[in-house]
Every structure is written in structure tokens, then in C-alpha cells.
Amino acid sequence: MNRITAQLHTQLSRRGRSARRPAPPPPTLVAVAHGSRDPRALRTVTALLDRVRALRPEVPVRLGHIELNEPLLTDTLAALRGDVVVVPLLLGRGHHTKRDIPATVAAAPHLRARIAGPLGPHPLLAEALHTRLAEAAARSGAPTTAPGGVVLAAAGSNDPDAALDTARTAELLSARLGGVPVLPGHASGTGPRVSEALRALAGLGHERAAVASYFTAPGRFASQCADAAPGIAAAPLGAHPAVARLVLHRYEQALASAPLSHEAVTVGV
């Protein structure tokens with residue numbers, strides 16, 4: 001009887017210690033920004049990630065850049081250990097999401113990694129774009145009603161998937177604005193330029209169309225597109241609460257889609 005009692009005590013003690021064992025920390029969210037020589041870009045991305053941390057304080061959040069700003073993604077990954085989810089702060093598919101980021105993650109075999117899809121297209125981005133347009137209208141003294149026409153100004157790419165993603169966001173923004181015509185315009189790559197999209201809207205009777213800035217943060221392309229606007233020009237998406245929620249949504253999507261692996265796994269949108 002004494003032996004049985006001692007065995008039960010030992011088993012219960014082990015279970016108690018197991019129950020008190022802390023849960024492992026969640027994987028680190030590594031946000032990947034493009035980078036820019038514009039000093040406002042780093043400040044904007046930092047503010048966005050502060051919002052992400054406020055929403056999920058238990059999730060470690062780190063920043064890495066593809067180019068032009070520190071920390072670079074390679075350095076951020078080199079300093080980490082364990083499980084990571086890489087979330088591109090990019091708005092569509094293209095060379096960076098398909099090649100650059102996966103190659104950089106693959107060069108960090110000490111990590112178990114997933115790569116989330118880009119932020120766009122998604123209705124939360126249309127929500128943020130709508131807010132930025134309303135803010136620009138308020139600053140200019142324009143009516144608060146929806147503009148007559150909008151150019152969705154994006155960086156552009158030679159990858160046709162990038163143009164498809166921007167076009168889909170234009171559709172989502174049009175629906176968010178109650179059917180206002182929204183045409184994509186690009187600062188580079190293939191597809192119509194912002195000036196061409198503005199002329200197309202002018203041909204439809206929208207002489208002073210607004211420009212929605214489809215950029216995560218300020219930079220050279222965002223400034224060029226804003227300068228082309230005949231009417232109001234909205235600010236980039238920046239640290240909008242909807243964008244912060246979307247970053248975490250992509251993080252959770254990636255976690256739910258595939259097991260963490262020493263070989264980088266890219267998770268689509």
C-alpha cells in the first residue's frame with residue numbers, strides 16, 4: 001500500500017510540473033519592408049509595427065528591409081533563432097515576393113520558417129485607402145462625399161500577377177466607394193501609367209480625379225504619383241489600424257497553412 005501511495009504521489013507530482021510548464025512562445029513575426037531613401041518610410045513602418053505589437057503583445061515582432069534601409073532582412077534573420085513567420089509588407093505578387101524574399105529565407109537554414117503572402121489584395125486595404133482619401137478631402141476642403149473618379153496609384157512591376165493584384169484592389173476600392181470608377185495606374189513596370197489612368201477618367205468626365213496612394217509608406221514613387229494628381233492626393237496606407245490587422249491576419253494564415261520547416265514554405269493569399 002505504501003508503495004502504491006508513493007507511485008501515485010510521484011505521478012501526480014510529474015503531472016503538476018507538466019501542467020505548470022509554460023507554453024512555448026509564438027513564432028516571431030518578421031515584417032519585410034521594401035526600404036526607401038525617404039526618411040519618412042522607416043518612421044512609418046516602425047509606427048505600423050508598433051500598432052501590430054499593441055494588438056498582439058505576446059507575438060515577437062521584428063523588421064527587415066529588402067534594400068536601402070537597416071536592418072536588412074538578412075541581418076534580422078541571422079540574429080533570430082527558432083520559429084519565424086515572414087510577412088511581406090508588400091501589396092501584391094512580384095519579384096520580391098516570389099524570388100528575393102524566399103531566397104533570403106532559404107539562406108537562413110538555422111530557422112524554421114514560413115513565408116506569408118503579400119498584404120494585397122484584401123478588403124482591409126480598401127478600407128484603409130478609403131480612409132486616406134477621406135482624410136485628403138478633409139484637408140483640401142473638398143466635399144466629404146465620394147470622389148467622381150479615382151486612380152489607384154501603385155509602384156508597378158513587370159510581373160503580370162502584380163497588375164492583377166492591383167486591379168483587384170481597384171475593384172475592392174470601387175465597391176467600398178459605392179461604385180465610383182477606380183482605375184489602376186503604375187509608376188513603373190508594365191501597365192498604364194498614372195497619367196494615362198487620369199486621362200482615361202477625364203475622358204469619362206472626371207477631370208479632377210483623386211489619386212489613392214497604394215503604397216505602404218512614403219517614398220519616391222508615392223511622391224511622383226501624388227504630384228500627378230489634378231485633384232486630391234491621398235497619403236500612403238501607413239500605420240492605419242486596418243493594415244496592422246491585416247499584417248496579423250497574414251501571420252495567422254501562414255501559421256494555419258503549413259508546418260514550420262527548415263525549408264522555407266511560402267503561403268499564398
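1. Let's start with helix H5 (residues 123–140), which in this predicted model lies across E5 and E7. The helix runs at about 135° to E7. Helix H6 (residues 160–176) also packs on the sheet, where E5, E6 and E7 are touched by H6. The direction of H6 makes about 150° with that of E6.

2. The sheet itself is open and has 3 strands in the order E6-E5-E7, with parallel pairing. Strands E6 (182–186) and E7 (210–213) are at the edges; each has a single partner strand, so one side of each is left without a neighbour in the sheet. From one strand to the next, the twist averages 30°.

3. Leu 152 has Pro 184 in E6 as its bridge partner.

4. The largest nonpolar core has 48 residues, of which Leu 29, Leu 119, Val 150 and Leu 173 touch the most other members. Helix H9 gives the most to this core, with 8 residues. Another core, of 14 residues, lies apart from it and includes Val 32 and Leu 90.

5. Finally, helices H2 (residues 39–55) and H9 (residues 241–257) pack at an angle of about 65°, their axes 9 Å apart, in a right-handed crossing. Residues meeting there include Leu 48 and Val 52 from H2, and Val 247 and Leu 248 from H9. By class, this contact has 8 nonpolar, no polar and 2 charged residues.

Methods. Residues are numbered from 1 along each chain as its sequence is written. This is a predicted model: local features need pLDDT of at least 70, side-chain atom pairs count only at pLDDT 80 or more; totals for chains, interfaces and linings use all residues. Side-chain values use heavy atoms; hydrogens and water are left out. Axes are lines fitted to C-alpha atoms, for helices over the stretch in contact, and angles run from 0 to 180 degrees between N-to-C directions. Helices (H or I, at least four residues) and strands (E, at least two) are DSSP runs, numbered from the N terminus. A crossing is left-handed if the near helix is turned anticlockwise from the far one by less than a right angle, and right-handed if clockwise. Contact means heavy atoms within 4.5 Å. Ala, Val, Leu, Ile, Met, Phe, Trp, Tyr, Cys and Pro count as nonpolar, Asp, Glu, Lys and Arg as charged, and the others, Gly among them, as polar. A nonpolar core is a set of buried Ala, Val, Leu, Ile, Met, Phe, Trp, Tyr and Cys residues joined through side-chain atoms within 4.5 Å. Buried means under 20% relative accessible area, exposed over 50%, partly exposed in between (1.4 Å probe, protein chains only). Two strands pair if DSSP finds at least two bridges between them.
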